[in-house]
Amino acid sequence: MSWFLGGIVFLIFGYLTYGRFVNKVFGPDDRKTPAVLNPDGVDIMPLPEWKNLLIQLLNIAGVGPVIGVILGIKFGKVALLIIPVGCVLMGAVHDFAVGMMSIRMNGANMPKIVGRYLGEGYSKVFSGAMVGLLLLCVTVFINVPASLLDKMMFPNTPFFWWAVSVIFVYYIIATLFPVDKIIGRIYPIFGALLIIGSLAISVALVIAGFKDPAILNDCAGFADFQSKNPLFPCIFVTIACGIISGFHATQSPIVARTITSERQARATFYGMMIAEGVIAMIWAASALAIYNIAPDNINLPGPVVLGNIATHFLGPWIGGVTVLAIVVLAVTSGDTALRSSRLSVGEMFKVDQVNVAKRIASCVPLIALVTLLLWWSNQSAKSFNNLWNYFAWGNQMISATSLMAATVWLLKSGKRWTSLVTLLPGVFMTVVVASFILWTPGTGGQPWGLVPGGLPLGVSIAGGLVAAVALSAYVFWRGSKKD
């Protein structure tokens, strides 16, 4: 219990201390934001701060801090230490940096930001990978909530494909309509569901933990998982959102277009990642408890374990509300993932997104690709596992790039030493991603990497360090160039 409660305290303390320091580094001031200077009535417009906070939280808190930590806690309760430390020092910094860069570039998305700070050649490769990641996100964030609704809410009715259809249609509508018409109106309702579900499971967990502290000890059944998945680099790929997530780099620009004061940035970007860290801690500890109470869950798929956690701790009725809250997490990230895909494609190909016909034209190929991914991912459980694995791997590749772009921005702003707040996590995540794709063997549920069968772990980490040094040298060269 001390690991869990201590992690929550660390997250709050980190926001109040390190978050304040990072705020000084990025230097939000009183200059006018895109929502005030250049509203377009579709994607760029002023929204109240409380709405922006909720939108940012629901955008970034997809199924990663739930499904990801249900898998990630199998590394042991050390995850309850890595989640809060990583969130404070890496994930929240990442989201804050991208949000500030986007505000300063009139709400630019990552393709334009990366093009400016890391070069057009880098941006072209990055942009294709990012849109691919977003489409994987949309597919995952349709699949998981539809599966949860099918198994938990309608167990005796074949509801899966009906749920898929309804969720997908909602995504299409949400991405085409102006941000204040759909997202701005329904997110407060979704936010209430999320808060109720998270509070319910956390209270139940604390009560159960004080009654039987052993349920939050490491589980002997984790040995097989740990033998196949080394803690480094795998935990930072498995827990794709609770520690740091490149997906958030695609979401922060959405709120950067609706924020009315730069001084709201710390709470909106850094603070909401801290809130996601709290959510991740709740579900990681809950998963650890259920694995100890009912070890058969260790070999079950993440969405099934999630349902079992909710039912065990809260019963079928309140547990159902909690599962609905997780459906909300997925849906409120999936709709903005599709929206971000549209905005990024428009930015890449210079297609005006104010005109409704052009918005629709930008969406048609994206809808077709997601439809194909949905069909493929539901051919077998193995197909879906591959989808999740590549999403997790690609996700952290985006985070490393975002942090390095932010480092160039800070260097160009004359902040040589304080640029370490983004450089150090950027270097770390580069080593993580490069090591993982060199090591991953393509067996045991892992995706294929760059080398068939994978390299030895030590060799892979050495390769990751070389990649990080090379990228850092490039970043310092870009940072020293005059615009």
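Select Cys219 to begin: at 11% relative accessibility, Cys219 counts as buried, where buried means under 20% relative accessible area, exposed over 50% and partly exposed in between, with a 1.4 Å probe and protein chains only. The model is predicted, so local features need pLDDT of at least 70 and side-chain atom pairs count only at pLDDT 80 or more, while totals for chains, interfaces and linings use all residues. Residues are numbered from 1 along each chain as its sequence is written, and side-chain values use heavy atoms, with hydrogens and water left out.

The structure holds zero disulfides, a disulfide being a pair of cysteine sulfur atoms within 2.5 Å. Cys219 is in no disulfide, and the nearest cysteine sulfur, 19 Å away, belongs to Cys234. Select Cys234 next: it is buried, at 0% relative accessibility.

Go on to Phe232 and Phe236. Both lie in helix H12 (residues 231-238), four residues apart, about one turn of the helix; helices are DSSP runs of H or I with at least four residues, numbered from the N terminus. Phe232 is partly exposed at 25% relative accessibility, whereas Phe236 is buried at 10%.

Now look at the aromatic rings. Rings of Phe, Tyr and Trp (its six-membered ring) pair if their centres lie within 6.5 Å; planes under 30 degrees apart count as stacked, over 60 as edge-to-face and the rest as tilted. By this rule there are 15 aromatic pairs. Select Tyr122 and Tyr474, a stacked pair with 6.5 Å centre to centre and 10 degrees between the planes. This pair links distant parts of the chain, with Tyr122 in helix H8 and Tyr474 in helix H19 (residues 457-480), 352 residues apart. Tyr122 is partly exposed at 25%, and Tyr474 is partly exposed at 26%. Return to Phe232 and Phe236: their ring centres are 6.2 Å apart and their planes at 65 degrees, so the pair is edge-to-face. To see an aromatic cluster, select Tyr15, Phe26, Phe96, Tyr270 and Trp409.

Next is Gln56, in helix H4 (residues 49-60). Gln56 is buried, with a relative accessible area of 0%. Leaving aside neighbours within four places in sequence, Gln56 is in contact (heavy atoms within 4.5 Å) with Gln251, Ser252, Val255, Thr268, Phe269 and Met272.

Conventions. Helices (H or I, at least four residues) and strands (E, at least two) are DSSP runs, numbered from the N terminus.
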